[in-house]
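Thanks for coming, everyone. Please have a look at the sequence and the model before I start talking.

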Amino acid sequence: MQGMMIARAGELLENGTVTRVLGWQTGEFVYDITPAVFESAEELEKGFVYNSFCGNNLSKYLIQASRKEGKILVFLKPCDTYSFNQLIKEHRIVRENVYIIGIPCDGKTDGEFLKAKGVKGILGIREEGDNFVVDTLYGEKTIAREDALPERCRNCKSKKHMVYDELMGEEGEVLDSHRFDMVEKLEAMTPDERFAFWRSQLSRCIRCNACRNVCPACSCEKCVFDNPQSGIAQKAAADSFEENMFHIIRAFHVAGRCTDCGECSRVCPQNIPLHLLNRKFIKDIDTFYGEYQAGEDTESRAPLTNYTQEDVEPSIVYTRGGNN
Amino acid sequence: MPNEVKAFKPKIVAFCCNWCSYAGADLAGTNRLNYPADVKIIRVPCSCRVNPMFILRAFQRGADGVILCGCHPGDCHYTTGNYYARRRMTLLFSMLDYLGIEKERTRVEWVSAAEGAKFAATMNDFVETVTRLGENKRLEDLRCKE
């Protein structure tokens with residue numbers, strides 16, 4: 001796959017269709033993949049990688065990149081195309097300046113995830129059927145795909161590209177995922193249990209803002225959290241209120257726009273399951289206002305910028321989820 | 001007596017829209033209807049002016065309950081404002097509940113300018129609910145406490 005991608009990107013650079021390529025390169029460690037821009041075939045040959053660690057969603061980088069002169073080539077996995085569409089809908093990306101190659105994805109693992117499973121000295125990774133074969137200092141280790149995938153990939157919502165100019169591999173399908181299972185489990189708890197659960201999760205937050213910075217939906221030029229008057233502009237959360245407030249507001253600001261790409265949970269250095277907050281909003285929107293998948297198209301109105309006269313009253317909340 | 005335990009008096013913030021609920025509160029006053037003095041009214045141009053941050057900030061600054069009052073759906077002075085507010089607040093309250101924070105501390109009521117009695121009754125009921133729940137502990141900011 002990586003070879004094919006480099007060859008095709010080289011061709012497009014050669015014939016002048018694009019002037020730059022947005023892809024991935026290896027960071028400090030092989031599992032530490034970072035997004036990168038390449039401007040020539042030599043650079044591609046030297047630095048471009050595509051493997052099972054390339055989970056980064058590249059859509060957000062196009063906000064800046066597509067405003068520059070010349071066309072940019074970007075490789076998007078199916079879930080990244082949802083974010084791309086959502087940004088097009090919000091007029092954040094200049095579509096004419098982007099050339100999309102859709103690439104198939106069977107789920108991406110994560111270095112931290114493998115390390116937690118006791119894999120040490122990672123040197124490389126490849127896919128073999130239903131397994132990941134990890135090349136390590138201590139020899140090759142085979143791990144079943146199911147065990148090595150983070151939650152967002154185990155409950156993959158779609159293998160279908162929503163938008164592309166060119167497709168590598170087969171066209172996929174939208175899947176029936178079980179992504180709301182955990183949300184339902186939490187909803188079935190008593191409020192006290194839920195409070196304890198979220199306190200144990202959110203109190204680990206170090207306010208690094210990685211979740212905000214990586215989120216394709218969270219891309220305002222001026223962020224409310226950078227306002228010194230916001231009440232939570234501290235470098236670190238000073239008390240439990242700030243943790244709650246930050247995460248409620250962060251999730252609320254992307255409600256109805258979150259495509260559930262799961263980047264927030266992937267980058268969280270404290271492994272807080274942040275996608276569960278976003279999914280709660282998605283689930284509520286689905287139940288209250290009808291099924292809606294952000295990024296599925298570029299035309300429809302987002303649920304929070306829309307209304308019907310028959311919408312449920314907020315008091316419906318009192319009848320759900322148990323009482324204190 | 002210095003050792004006497006004071007009965008809990010909740011602090012309630014009521015966001016009232018300028019066109020209906022604020023006038024409704026006025027009417028409650030001119031009609032001499034009683035509602036607890038614990039309710040502090042903040043006038044907003046429209047119920048949809050209230051963003052989720054306002055509600056959380058009110059809790060941060062020591063409110064025990066926050067209520068949002070606006071025109072009845074369909075009667076908004078700006079035609080559609082309260083429809084948007086309705087969706088936002090439904091989602092926000094549901095999220096608070098999801099985090100295990102008492103959802104009864106938050107409420108939305110539609111009060112028109114002619115409903116002084118409803119305003120008083122709503123406030124009495126809400127203050128009673130919040131008094132029963134007691135002090136806001138789950139969404140408090142200790143730095144803002146006396």
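I will take the two chains in turn, and then the place where they touch.

First, some housekeeping. This is a predicted model, where local features need pLDDT of at least 70, side-chain atom pairs count only at pLDDT 80 or more, and totals for chains, interfaces and linings use all residues. Residues are numbered from 1 along each chain as its sequence is written, while chains are lettered from A and ligands numbered from 1 in the order in which they are written.

Let's start with chain A. Its secondary structure comes to 13 helices and eight strands. Along the principal axes, the C-alpha atoms of chain A fill a box of roughly 60 × 50 × 40 Å.

How much of chain A is buried? Of its 324 residues, 39% count as buried. Buried here has a cut-off: 20 or more other C-beta atoms within 10 Å of the residue's own, against 12 or fewer for exposed and anything in between for partly exposed, with C-beta atoms placed from the backbone.

Now contacts. Two residues are in contact if their C-beta atoms, placed from the backbone, lie within 7 Å. In chain A, take the contacts with a separation of 6 or more: residues 24 or more positions apart account for 64% of them.

Next, the domains of chain A. The assignment gives domain 1 (1–108 + 150–177), domain 2 (120–148) and domain 3 (178–324). Such bounds come from an automatic or database domain assignment. Over C-alpha atoms, the centres of domain 1 and domain 3 of chain A are separated by 26 Å. Where they touch, 21 residues of domain 1 of chain A are in contact with 19 residues of domain 3 of chain A. Which helix gives the largest share of the domain 1 side? Helix α4 (residues 78–89) of chain A does, with nine residues. By class, that side of domain 1 has seven nonpolar, eight polar and six charged residues. For the classes, Ala, Val, Leu, Ile, Met, Phe, Trp, Tyr, Cys and Pro count as nonpolar, Asp, Glu, Lys and Arg as charged, and the others, Gly among them, as polar.

One residue of chain A for you to find: Q2(A). Look for it in helix α1 (residues 2–14) of chain A. Q2(A) is partly exposed, because 13 other C-beta atoms lie within 10 Å. Leaving aside neighbours within four places in sequence, Q2(A) is in contact with V49(A), Y50(A) and N51(A).

On to chain B. It has four helices and four strands. Along the sequence, the pattern is β-α-β-α-β-α-β-α. The radius of gyration of chain B is 15 Å, close to the 15 Å of the globule rule for 146 residues, so chain B is as compact as a globular protein of that length. Of those 146 residues, 55% count as buried.

Now zoom in on α1(B). This helix is mostly covered, with seven of its ten residues buried. Among them are Y22(B), A25(B) and L27(B). What do the buried residues pack against? They pack against β1 (12–17), β2 (39–44), β3 (65–70) and α4 of chain B. Just after α1(B), R32(B) takes a positive phi of about 60°.

Finally, the two chains together. 35 residues of chain B are in contact with 34 residues of chain A. On the chain B side, α2 (52–60) and α3 (81–98) are the elements that give two or more residues. α3(B) gives the most, with 14 residues. By class, the chain B side has 17 nonpolar, six polar and twelve charged residues.

Methods. Rg over C-alpha atoms; globule rule 2.2 N^0.38 Å.
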